[in-house]
Amino acid sequence: MIPLDDALAHVRDRVRPLPSQRVPLARAVGCVTAERVTASTPVPPFDNSAVDGFALGDVSPPPGTWHRVVATVAAGDTGDVRIEPGAAARIMTGAPVPPGTRGVAMVEHTSLRPRPDGGEDVCVDRAVAADANIRRAGEDLAAGDVAVDESVLLRPAHLGVLASVGRSEVDVVGCPTVAVLSTGDELVPPGTPLRRGQIPDSNRGVLIALCRAAGCEVVDLGLVGDDEDAVERALRAGAASADVIVSSGGVSMGDFDPVKAVLGRIADMRWMQIAIKPAKPFAFGVLDGVPVFGLPGNPVSSVVSFELLARPALCRMAGLPFAGRPSFTAVAGEGFRRREDGKTHYVRVRVDDSTDDLPSVRSTGGQGSHQMSALASADGLAVLPDGPGVEAGERLQVIPLD
Ligand code: AMP
Ligand code: MG
C-alpha cells in the first residue's frame, strides 16, 4: 500500500491545464481565464447621475433658491447642453451630467413652479454638496486597470465586469471533456430485468453526474464486459474523443480485471493499492496523451476515488490548482471507532451546522463500499486517520460532498 499523497503526486505530475480557447461571455462562467483583461477606457465611461433629480449649475446658493430648468437629460442622451449658474437640467439615473453641472439634487428634495414663459423653475429644499450624486468616469475602473486577472474562476459578476470593459469574448482554459466507462460482465443498463448474477450499472450515471456538476463535458462510453478487446476499443475511443477517461471496475485483484490488464499493455500505467478505505485499488495511466483514471468498481469506492484523485486532476486541467474539495473542521457527534489497519478511513456522514459552534457529524449508516444508500444520505466524508478512531466530541476533518 502507498500513502494517498504518493498517488496524488503521481497523478499531479501527469496532468496539465488544457489549451486556452476564446469563448463568448455567455459560455465563460465556471471557466478559468487564460488572459489578463485590462480596461482600455474608464468604467463608467462618462460622469453620470446616480439619482433621478436635477443637475445644478450652482450648488452654493442657500436652500430654497429657485433655478431655471433649461433641459431634460434622459439615460442614453448625450447631455451636451451647458448648465450655467442659476440654471438646472432635469436628469435621470445613468444619464451623462451636462457640462457645468456642480452637483445633482435628488428629485425627492425638489419642488417645481411654472414660469410665465411656459418653462419651469426648480427649488431644492436642502443644501447640495459639490459633486453630490455624480458618479465620476473611471470610479469603477480607470483606463489601464486590471478588470479580471489571469487564472480567475469566472463567476457571474465577472461577466458583468468583462462586458463593462467592452468584451464580448474572453480567453479561458478549456473545460475538460471526460469519457466515462463502466466495465463488468455482471452489469446491465438500469431498468433491464435482472437474471441471477446481474446488477444494474449504477456507477456510470453517478460519475457522469459528478463530472457534469464539476463543469465538465461528458462522452458516455457506455458499458463493456470483462473482455480485454472491448475494453481496449472503448478506452481508445475515449482517448480519441475526450481530454480524460474515467472508468470504473476492473482494477482490483480479481481474475477478470481487464482495465488493469489493458492499461498495462497499451498505456503508460501505474496500478496502485492506496492506504485508504474505501477505494484502495486504483489504476492511472496515460493513453495517447490522455490521462486514464481506473477507479474501483464498488459504487462507494468509485465516488471516493473520484473525489480524492480525479477531481483534483479535473481542476488542474481546467486551470485551477490541483486540489479536491477543501476539508473543514467538525466535531464528532458520536464516537467513530475503527481498527488500526494502516489506512485512512473515509466515513459517510451527515453534517449538522445548525448551531453556532463547529458543525457536528454523525454516520449515515452502512459503511460497506457497496452500500450506496448511506452515501446518498451523506453530505460529507469524515476523515479518520489510522488508529483507534475518534471519540464523541473530538474534532475531525470532513470533506464536503456537495
Ligand atoms: P470490480 O472493481 O470490477 O472488481 O468490481 C467491484 C464490485 O463493484 C463488484 O461487486 C461489482 O459488481 C461492482 N461494480 C463494478 N462496476 C459497477 C457499476 N458500474 N455499477 C455498480 N456496481 C459495480
Ligand atoms: Mg469487475
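Here is a short tour of a predicted model, stop by stop. Local features need pLDDT of at least 70 and side-chain atom pairs count only at pLDDT 80 or more, while totals for chains, interfaces and linings use all residues. Residues are numbered from 1 along each chain as its sequence is written, chains are lettered from A and ligands numbered from 1 in the order written, and side-chain values use heavy atoms, without hydrogens or water.

Start by selecting ligand 1. Of the 17 residues around it (a heavy atom within 4 Å), Glu186, Asp201, Gly250, Gly297 and Asn298 come nearest. Now show the polar contacts (N or O atom pairs within 3.5 Å). A polar side-chain atom of Asp201 sits 2.8 Å from a ligand nitrogen, and one of Ser182 lies 3.4 Å from a ligand nitrogen. Asn203 uses a polar backbone atom instead, 3.3 Å from a nitrogen of ligand 1. The protein covers 79% of the 480 Å² of accessible area that the ligand has on its own (Shrake-Rupley, 1.4 Å probe).

Next, pick two cis peptide bonds. Val43 and Pro44 are joined by one with omega about -5°, and Lys277 and Pro278 by another with omega about 0°. Pro44 is in the loop between strands S3 (37-38) and S4 (48-49); Pro278 is in the loop between S20 (276-277) and S21 (281-287). Strands are DSSP E runs of at least two residues, numbered from the N terminus.

Last, click Asp131, in the loop between S10 (120-124) and S11 (134-135). Its phi is positive, about 70°, although it is not a glycine. Most residues other than glycine have a negative phi, and most peptide bonds are trans.

Note on methods
Polar contact = N/O pair within 3.5 Å; in protein donor to acceptor, adjacent residues only side chain to side chain. Helix = DSSP H or I, 4+ residues; strand = E, 2+ residues; numbered from the N terminus.
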